[in-house]
Every structure is written in structure tokens, then in C-alpha cells.
Amino acid sequence: MKGKNAKIVLNIIAILLFLIAIVLVGAKYSKQIIALTSSPSKFRDWVLSYGKWGVLVFILFQVLQVVVSVIPGEAVQVSGGYIYGTFAGTFYSLTGIMLGSVIVFCLSRLLGYNLIKKIVSEKSLEKFYFVINSPKIEAVIFLLFLIPGIPKDILVYIAGLSPIKPINFFIITAIARFPGIFFSSYFGSNLEKKNYEVAIAVAVVAIVLFIIGLVYHEKIIKKISSLVHKKR
């Protein structure tokens, strides 16, 4: 029993240290990080300055973006395409996002509702609370992660409180997030190649979809929530 209690205490200490690190990074460096990722060329120079470790740095940066949700994910994904091209950029971004999602999901499962509500705003918890006990949770998760404009990194924290099987969650979210990551990387790649006509066309489509998702996401969420409740 002593060994078990010691392990629990160590886990709690590790979690607290992790949370403190998140808060410190988010509070101290968020402005610098946002400024860095807002310029694909500056971000590329920073990543490539690490030489052969550049890919690992980019993936770890993408992991950080998921954990610290204040960092704009789309900007990092565009930079991935700008640095590595469409396909490699998509792969590296997806790898980092899924690793970050594993960390956040497992952290959420371990911490539980009482501690997660200190990380995620009460408004977000109320908005997505229906996800936690949804009988069609796989379909709900897929739709929410597919639709542009919905805060996906916050959703990972909330999904960790649900009974969904971890492997199902990771497969579903990887599939749902792939199109958005691919087109962000495609845009970044064409921007770097100075294919401005293609880049502008992709940007216009992405912006329109994002605005639609942003403007109507409340209605979309309520519609999905009402459908869930009807099926109970």
C-alpha cells in the first residue's frame, strides 16, 4: 500500500508541475509565440536554425500548441507547409497535434472534472457538456472536429472527461482534422513557392469556411446537442 500511495503522490506532483509549466508558458511567452507564428518566414528561420533537429522542434512546437490552446493552430499548420511542403508539413503537423492530443486527453482523464474546470473556461464546459454523456459520442466528436471555427484544442480536454475509448478518439480526430491541416499546409507551401494565385484561392475558401463555422458554430453546436438529446 505504501508503494501505491507513493506512486499516487508522485503522479499528483507530476501533474501539478505540468499544469504550472502550462500556465507559465501561456502567460509569459504567448505574445512572443503568437508574433513568431504570425510570420511563416520568421518561424521557418527559427525552426531551421536548429539544423537536423528542426523537424523535432516543429513537432514539439505543435504539441505545445495543442496543450496551450492560446497559440493559434492554423498559423503553425500554415508554417509547416511553408517550411516542409504540403505533404511533409501535413504529416509533421498531424504528428504533433496527435501527440499533443494524447497528452491532453490522458491528462483530462487523470485529473477529472473538478480540476479540468480550472483549465477550461466555465462557458466552454457548459457549451460542450453534452459531449461528455452523448450516446453517439463518436459521431459527435467527428462532426465537431471536422467543422471549421470550433475550438478543437479545448474539445480535447472535454472529450477526455467522456467515456469514449482513447483509440477511437484518436482515430476519429485524426481523420476529422486531416482536411483542415492538409489545406493549411497546401496554402503555406504555395505561399513559400510564391504561387500567389493558388494561395489566395485556397485562403479565400478557408476564410469563408472558417467565418461560416465561427458565425454559426453556436447554432451548429446547439443543433448537434438537440439531435443527441432526441436520440436518448
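Helices here are DSSP runs of H or I, at least four residues long, numbered from the N terminus. I am working from a predicted model.

**Entry 1: helix α5**

I began with α5, which covers residues 86-111. With 26 residues at 1.5 Å a residue, this helix should span 38 Å, and its end C-alpha atoms are 37 Å apart, so the two values agree. What follows α5? I found Gly112 there, with a positive phi near 85°.

**Entry 2: aromatic rings**

Next I looked for ring pairs, and a search of the whole structure gave 16 aromatic pairs. I took Phe58 and Tyr84 to look at: their ring centres are 5.8 Å apart and their planes lie at 70°, over the 60 degrees needed, so I noted the pair as edge-to-face. This pair links distant parts of the chain, since Phe58 sits in α3 (residues 54-67) and Tyr84 in α4 (residues 73-84), 26 residues apart.

Are these two residues buried or exposed? Phe58 has 0% relative accessibility and so counts as buried, while Tyr84 has 21% and therefore counts as partly exposed.

**Entry 3: nonpolar cores**

In soluble globular proteins, nonpolar side chains tend to be buried together. I went looking for such groups, and the largest nonpolar core I found has 37 residues. Val131, Ile141, Leu144 and Phe169 have the most contacts inside it. At least two residues of this core come from each of α3, α5, α7 (122-132), α8 (137-146), α9 (152-159) and α10 (166-192). Which helix gives the largest share? My answer is α5, with seven residues.

I then checked Val131 itself. Leaving aside residues up to four places away in sequence, Val131 touches Ile137, Val140, Ile141, Leu144 and Ser162. There is also a second, separate core of eight residues, including Val47, Val76, Ile83 and Tyr92.

**Entry 4: α5 against α9**

Last, I returned to α5 and looked at how α9 meets it. Their axes come within 7 Å and cross at roughly 40°, so I call the two helices oblique to each other. On the α5 side of the contact I listed Ser101, Val104, Phe105, Leu107 and Ser108; on the α9 side I listed Val156, Tyr157 and Ala159.

Technical notes:
Residues numbered from 1 in each chain as written. Predicted model: local features only at pLDDT ≥ 70, side-chain atom pairs only at ≥ 80, totals over all residues. Heavy atoms only, no water. Expected span 1.5 Å × (residues − 1). Phe/Tyr/Trp six-rings, centres within 6.5 Å; stacked < 30°, edge-to-face > 60°. Buried < 20%, exposed > 50% of the residue type's maximum accessible area, 1.4 Å probe, protein only. Core = buried A, V, L, I, M, F, W, Y, C linked by side-chain atoms within 4.5 Å. Contact = heavy atoms within 4.5 Å. Axes fitted to C-alpha atoms, helices over the stretch in contact; angles between N-to-C directions. Parallel < 35°, antiparallel > 145°, perpendicular 65-115°, else oblique.
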